[in-house]
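Hi,

Here is the structure I promised to pass on.

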Amino acid sequence: MNNLESFSAPKITVIGTGYLGATHAICMAIMGFDVLGFDVDHHKIDQLRAGKVPFYEPGLPEKLREALASGRLKFTTNLDDVAEFGDVHFICVGTPQAPNSSAANLSYVESAFSGLAARIRRKALLVGKSTVPIGTAERLTAMVADISPLGAELELAWNPEFLREGFAVQDTLHPDRLVFGVTSPWAEEMLRRAFKPLLDDGTPLIVADLATAELVKVAANSFLATKISFINAMAEVCEATSADVSLLAAALSLDDRIGGRFLKPGLGFGGGCLPKDIRAFKHRAEELGVGQAVSFLGEVDSINNRRRVRTVDLVRELAGGSLAGVKIAALGAAFKPNSDDVRDAPALDVARMLYLEGATVSVYDPEANANAHRLYPDLNYVGSLAAAVEQADVVALLTEWEEFRAADPDDLGALVHHRRIVDGRHALDPERYTSRGWEYRALGRPYQPSTVAHRSPVAHRGPVAHQRQPL
Ligand code: UDX
């Protein structure tokens, strides 16, 4: 993929080397482009220059080292260098949820665009990749034209990014689609050049206006969040009956029109995207006077948060009705496996709620302990699965890491105080556990007592009222 001499390949810059930006910069260099990555964080840039990825992402460190060795990837903390270097500038800074509001904080995006607009002296394309509220690109276009010595010559485009954590390299090098939001044939042509290797590979392309390009991203994430919350709402219905949401999901997924992806019931969604994106979208739709059209996203959010509370209920029920002094093994802290990201992580939220109810909680995550500790230092973090389950009264599986799926119920059983497990992610085979003397609970599934005669399960008390709000 890295022979680009035959056409005039644009020089690429990437502003912001967080999750999205670092992956984009590395993969563009792997594809054969000359790339300059920029961040205001000197420490991050030093790490990247030294071949270290500042977060956990399978496969990315190898690609970073390959890109650095090719000589095509450089990093800087000087925005003047960026302005001088690039033909196409990708802005990949974060748009976190604003404090005390559901809106997105756009200050990093604004300062990246205005900083470049003030410095760029030759025709170039500014491309936003960050997830932003609809209308942002149009507003930034006016701002850039105002600030730039080139005026409207400095063009702006939007190119949303759909990569998933844990699959970032695969999703960037083999995306299922590209979306270009452009306002001129020149901007489209520059983006076609910047993505030539992917387009030559047959990646489907949608060329759109700026607003549609912005909307594609939030609509996609809203759809995914809605699908997850739909099956989790069905889990709530199952809990009020003797129905089993796992069987329900399996049956639904066989309908091609529904499909099985993102229909996995459990503790629900978290992370740096889905939760904040649906809130920001709802907020923006209200500003636009079409709040009613997406008011269901408020329900999607509520269903999702209730799953966390209900997981705590299941642990409490298994513990015999109270969590005070109960020893809990919390397996997982990251918002999903193969990630060390704990932003809005359901697992960590549950661990924290258990702790606040008086339980002694030992948290173990194969990769996210350090990040979790920074966020919630008062929880007890341990370095292994064995240390977490040692003498536990209840084991709570909260992130479905392979290490937890693969664990042997007898090996774990030898370490715990009581063989009781809440499978918050529907990651385990219940029969495998109950046949080894474990009591097994999962959201939306009937209670499964141990099938081994000599163990006396704790009486199942049925669903209890939701008592708390998640953190
Ligand atoms: C998401 C989008 O998938 C991606 O396209 C976008 O670019 C960024 O946001 P990511 O945040 O990496 O990606 O996570 P994703 O794989 O979508 O999972 C989100 C959450 O949903 C996780 O907490 C996961 O555990 C949960 N989930 C996912 C479920 O609870 N059930 C499912 O069936 C699928």
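To start with a cysteine: is Cys 92 buried or exposed? Cys 92 is buried, with a relative accessible area of 5%. (Buried means under 20% relative accessible area, exposed over 50%, and partly exposed in between, with a 1.4 Å probe and protein chains only.)

Before the rest, a word on the source. This is a predicted model, where local features need pLDDT of at least 70 and side-chain atom pairs count only at pLDDT 80 or more, while totals for chains, interfaces and linings use all residues. Residues are numbered from 1 along each chain as its sequence is written, and side-chain values use heavy atoms, with hydrogens and water left out.

Back to the cysteines. A disulfide is a covalent bond between the sulfur atoms of two cysteines. Here it is called as a pair of cysteine sulfur atoms within 2.5 Å, and by this rule the count comes to 0 disulfides. Cys 27 is in no disulfide, and the nearest cysteine sulfur, that of Cys 92, is 11 Å away.

Ile 15 lies in strand E1, residues 12-15; helices (H or I, at least four residues) and strands (E, at least two) are DSSP runs, numbered from the N terminus. Ile 15 counts as buried, at 3% relative accessibility.

Now the ligand. There are 20 residues around the ligand, and Phe 162, Leu 163, Glu 165, Lys 264 and Lys 336 come nearest. (A residue is near a molecule if one of its heavy atoms lies within 4 Å of it.) That shell divides into 10 nonpolar, 3 polar and 7 charged residues, with Ala, Val, Leu, Ile, Met, Phe, Trp, Tyr, Cys and Pro taken as nonpolar, Asp, Glu, Lys and Arg as charged, and the others, Gly among them, as polar. Helix H10 (residues 210-239) gives the largest share of the shell, 4 residues.

As for polar contacts, these are pairs of N or O atoms within 3.5 Å; within protein, one must be able to donate a hydrogen and the other to accept it, and residues adjacent in sequence count only if both atoms are side-chain atoms. A ligand oxygen is 2.8 Å from a polar backbone atom of Lys 264, and a ligand oxygen is 2.7 Å from a polar backbone atom of Glu 165. Taken alone the ligand exposes 680 Å², and the protein buries 91% of that (accessible areas come from the Shrake-Rupley method with a 1.4 Å probe; for residues, only the protein chains shown count as cover).

Lys 276, in helix H12 (residues 274-287), counts as buried at 15% relative accessibility. The side chain of Lys 276 reaches the backbone oxygen of Thr 95 at 3.1 Å. Gln 391 sits in the loop between helix H16 (385-389) and strand E12 (394-397). Phi of Gln 391 is near 65°, a positive value in a residue other than glycine, and Gln 391 is partly exposed at 42% relative accessibility.

Cheers
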